[in-house]
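I opened the model to look up a few points and noted each as I went.

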Amino acid sequence: MAKVFPAHQCIVVGGGLAGFSAAHTILEYGGRAVVLDKSPFCGGNSTKATSGINGSGTSSQKAKGIKDDADIFLSDTLKGGAKKPEVAKVMCVESGPGVEWLIEKFDLDLSLVARLGGHSQPRTHRGAERFPGMTITYALMQRFEKIAETSDRARIVNKARVFNLLTDGPKQVIGAEYEKAGMAYNEYGPVILCSGGFGADFGSDSLLAKYRPDLLHLPTTNGEHCTGDGIKMGERINAKTIDLEWVQVHPTGLVKIDDADAKVKFLAAEALRGVGGVLIDKTGNRFCNELGRRDYVSGMMWKNQPPFRLCLNSKASKEIHWHCEHYKGRGVMKGYKNMQELCDETGIKPDVLRKTLDDHSEIGKKVEANLTRAPTMRTRRASRSTRGARSSSTTCRPRSMTRTASRSSRRPSTTAWVGWRSTRRVRSRAPRAVRSVVCTRRARSRAVCTATTASAATRCSTAWSSAA
Ligand SMILES: Cc1cc2nc3c(=O)[nH]c(=O)nc-3n(C[C@H](O)[C@H](O)[C@H](O)COP(=O)(O)OP(=O)(O)OC[C@H]3O[C@@H](n4cnc5c(N)ncnc54)[C@H](O)[C@@H]3O)c2cc1C
């Protein structure tokens with residue numbers, strides 16, 4: 001204890017957004033902070049976040065007339081499956097001030113607000129340019145680096161793998177031990193663990209193997225750093241953990257045609273669906289509410305025919321231009337001059353695709369005109385998907401929870417309604433420029449196929465289905 005308080009510094013393990021937020025907060029309160037990160041560059045998964053950051057009651061929402069607050073966000077979160085209201089409440093109450101802090105303190109543009117899966121209000125913030133996670137995390141990182149250059153209040157050590165928490169007695173953490181270039185070093189002070197999750201922890205002794213062995217075979221969009229180091233170090237000194245079995249399976253990982261089986265995949269930002277992207281199956285039919293929660297979309301992929309494609313018309317792709325250019329540059333998205341060209345390449349019948357897009361557009365128009373009170377699906381296939389939207393939660397649940405949840409899936413949901421709203425962005429007549437991507441599995445064998453986008457889903461949905 002004596003070695004920690006009063007402390008001359010605070011140790012932050014991990015240089016993602018959590019780490020740099022903690023480090024800046026320490027500086028704001030007049031302290032000193034050292035950030036230790038095992039990777040050659042900081043940023044972690046935070047720089048990969050492509051859709052945006054959620055916050056309720058923000059100035060960006062107010063400027064757009066969006067009525068949202070922490071209670072509505074909390075209600076959505078609990079509906080989404082959160083089982084600990086006291087924990088969810090902290091997140092929801094702090095979300096708005098967190099977004100404001102980023103805007104005010106780091107001069108960030110978070111003025112665009114989208115409504116994504118599971119949300120009853122638009123509350124996912126991003127700026128006009130680039131991936132929001134990258135923009136936000138770099139802003140904090142660069143500010144911290146500047147302070148480090150000009151004072152001794154901030155330090156960053158990269159390639160510094162923290163492997164042990166130093167203790168003084170059974171419960172007193174007094175510092176951390178790290179390894180750098182084959183040497184071990186100690187830092188003393190209070191320790192804040194910000195080392196991220198364990199979604200890329202695939203070893204046989206991994207947290208994934210311990211808590212969700214059913215997901216071990218899936219590909220991931222996590223960085224390789226994501227091995228649960230902080231959690232493991234904490235557990236070794238008897239720290240308690242909660243909810244580690246709640247591992248999310250995302251439906252839309254991007255499949256690179258020439259590397260379909262890659263264990264690490266690009267994530268198709270949820271925002272692509274948020275701006276009106278349409279998910280179609282092998283035959284060109286729509287099979288789900290694109291804005292349904294993630295496990296529901298994954299589940300619907302399992303029940304329908306792969307490969308799946310995510311199509312954005314020219315308006316939608318313009319709205320999310322930067323993302324599309326990025327994905328195209330990475331070879332996981334492709335632009336088509338028109339719908340016919342897409343059909344020629346994929347073997348989808350033009351009249352089927354046209355009907356899919358027309359229906360999609362029609363429903364969107366109806367919602368926009370407020371003519372319907374609930375979404376009306378035109379096909380049986382689609383109506384199944386609407387029910388499913390209600391039945392599932394934001395995360396991929398453990399088996400037992402899934403069964404319970406699916407019993408409650410009898411009627412159209414508000415979530416589905418949300419989905420139809422976004423569809424208005426799809427043109428009703430043969431769209432001039434259809435950008436397709438996505439893709440997934442050739443068969444239920446889990447063979448990820450060709451195309452481009454969505455699918456870790458492929459395999460994710462495979463696993464999800466078997467888990468269900
Ligand atoms: C592809 C993708 C897209 C996403 N999109 C979104 C989105 O749009 N919106 C959203 O809200 N969330 C999104 N997420 C989730 C979000 O990115 C994470 O929840 C968030 O980045 C976690 O931040 P973090 O700082 O806790 O961890 P990270 O950003 O992962 O940072 C952890 C850091 O800890 C370091 N580290 C790990 N172990 C050690 C160790 N032993 N010693 C020292 N350093 C260590 C790592 O090198 C890394 O730099 C996305 C995630 C992925 C993978």
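The model is predicted, so I kept to its limits: local features need pLDDT of at least 70, side-chain atom pairs count only at pLDDT 80 or more, and totals for chains, interfaces and linings use all residues. Residues are numbered from 1 along each chain as its sequence is written.

Ligand shell. I found 35 residues around the ligand, with Gly14, Gly16, Ala18, Gly44 and Gly196 coming nearest; a residue is near if its C-beta atom, placed from the backbone, lies within 6 Å. By class I noted twelve nonpolar, 18 polar and five charged; nonpolar means Ala, Val, Leu, Ile, Met, Phe, Trp, Tyr, Cys and Pro, charged means Asp, Glu, Lys and Arg, and the others, Gly among them, are polar. Helix H1 (17-28) gives the most, with three residues. Helices (H or I, at least four residues) and strands (E, at least two) are DSSP runs, numbered from the N terminus.

Helix pair. I then looked at H1 against helix H5 (residues 132-150): their axes come within 9 Å and cross at roughly 40°. Axes are lines fitted to C-alpha atoms, for helices over the stretch in contact, and angles run from 0 to 180 degrees between N-to-C directions. That makes H1 oblique to H5, the class left once under 35 (roughly parallel), over 145 (roughly antiparallel) and 65 to 115 degrees (roughly perpendicular) are taken out.

Loop residue. Phe198 sits in the loop between strand E10 (191-193) and helix H6 (207-211). I logged Phe198 as buried because 24 other C-beta atoms lie within 10 Å; 20 or more count as buried, 12 or fewer as exposed, and in between as partly exposed, with C-beta atoms placed from the backbone. Phe198 and Asp229 are 31 residues apart in sequence but 7.9 Å apart in space, C-alpha to C-alpha.
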